[in-house]
Amino acid sequence: MRLSQPRVTPVTDLTSIDPEARDLLEATQLGPAVNIFRTFVRHPKLLKRWLVFANHVLFKSTLPPRDRELVILRIGWRCRAEYEWGQHVIIGKAAGLTDDEIERITRDPGEPGWDPFDATLLRATDELHEDSFITVETWDALAERYSTEQLMDLVFTVGQYALVSMALNTLGVQLDPGVGGFPA
């Protein structure tokens with residue numbers, strides 16, 4: 001973790017927040033992801049509006065879940081967002097990523113072992129992270145398989161999780177109990 005203590009402390013006493021914020025927080029309890037929502041609820045209006053977009057990206061995107069998790073893990077790794085990484089290792093495994101694939105996400109996409117399309121997804125993520133732009137070559141390779149909506153969802157997924165990574169890192173959101181961080 002970049003910070004050993006949160007800069008914005010998560011809400012622990014639900015009676016300390018107004019009923020609307022409490023209802024919002026109670027509606028976001030998804031598995032072991034607790035600290036992100038208990039931190040973001042410190043700004044209830046932002047949380048409420050952000051959740052609409054975050055729910056599209058995570059639950060309503062046109063990307064296949066495995067592809068979505070591949071790029072989320074890659075951008076989390078590239079942003080050094082350990083909280084994001086830990087949460088999405090769990091989600092990625094549920095979406096079909098193997099332990100070996102998850103470990104390889106931390107390395108260069110040109111290394112052997114990747115399906116060519118998976119390597120292209122990783123390259124697209126790296127290009128967006130490094131230059132805020134997908135090159136023509138990478139875009140064309142993606143467009144051989146993806147529809148226009150999927151191409152757009154890919155860009156917005158990487159952008160959403162880059163934003164979330166920035167918030168998690170800067171606010172100091174700590175790992176939730178039982179959720180691992182980066183590989184050793």
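Residues are numbered from 1 along each chain as its sequence is written, and side-chain values use heavy atoms, with hydrogens and water left out. Because the model is predicted, local features need pLDDT of at least 70 and side-chain atom pairs count only at pLDDT 80 or more, while totals for chains, interfaces and linings use all residues.

The largest nonpolar core comprises 48 residues, where such a core is a set of buried Ala, Val, Leu, Ile, Met, Phe, Trp, Tyr and Cys residues joined through side-chain atoms within 4.5 Å, and buried means under 20% relative accessible area, exposed over 50% and partly exposed in between (1.4 Å probe, protein chains only). The residues with the most contacts inside this core are I36, L47, W50, W85, L121, L142 and L154. Two or more core residues come from each of α1 (19–26), α2, α3, α4 (65–78), α5 (82–94), α7 (116–131) and α9, the helices being DSSP runs (H or I, at least four residues) numbered from the N terminus. Of these elements, α9 gives the most, with seven residues. In soluble globular proteins, nonpolar side chains tend to be buried together. L121 is in contact (heavy atoms within 4.5 Å) with D67, L70, V71, L142, Y146 and L154, when residues up to four places away in sequence are not counted.

Grid points are joined across faces, edges and corners, and a volume is the space filled by probe spheres set on the points. The second largest pocket has a volume of about 210 Å³ and is lined by V8, T39, F40, R42, H43, L46, W50, L163, V164, A167 and L171. At least two lining residues are supplied by each of α2 (35–40), α3 (44–60) and α9 (148–171), and the largest share, four residues, comes from α9. By class, this lining has eight nonpolar, two polar and one charged residues, with Ala, Val, Leu, Ile, Met, Phe, Trp, Tyr, Cys and Pro counted as nonpolar, Asp, Glu, Lys and Arg as charged, and the others, Gly among them, as polar.

One cavity of 30 Å³ or more is found in the whole structure. The largest cavity holds about 50 Å³ of space, and its lining consists of M1, R2, L3, A81, E82, Y83, L168, N169, G172 and V173, with α5 and α9 each giving two or more of these residues. This lining divides into six nonpolar, two polar and two charged residues.

In the segment after α9 lies Q174, which is buried, with a relative accessible area of 19%. A polar atom of the Q174 side chain lies 2.8 Å from the backbone oxygen of G172. Beyond residues up to four places away in sequence, Q174 touches M1, L3, S4, Q5, P6, N35 and Y83.

Most residues other than glycine have a negative phi. R80, in the loop between α4 and α5, has a positive phi of about 60 degrees although it is not a glycine, and is partly exposed at 34% relative accessibility. S132, in the loop between α7 and α8 (136–143), likewise has a positive phi, near 55 degrees, and is exposed at 64% relative accessibility.

Terms used: 1 Å grid on protein atoms, 1.4 Å probe; cavity = no way out; pocket = protein on both sides within 12 Å on 5 of 7 lines; lining within 4 Å. Polar contact = N/O pair within 3.5 Å; in protein donor to acceptor, adjacent residues only side chain to side chain.
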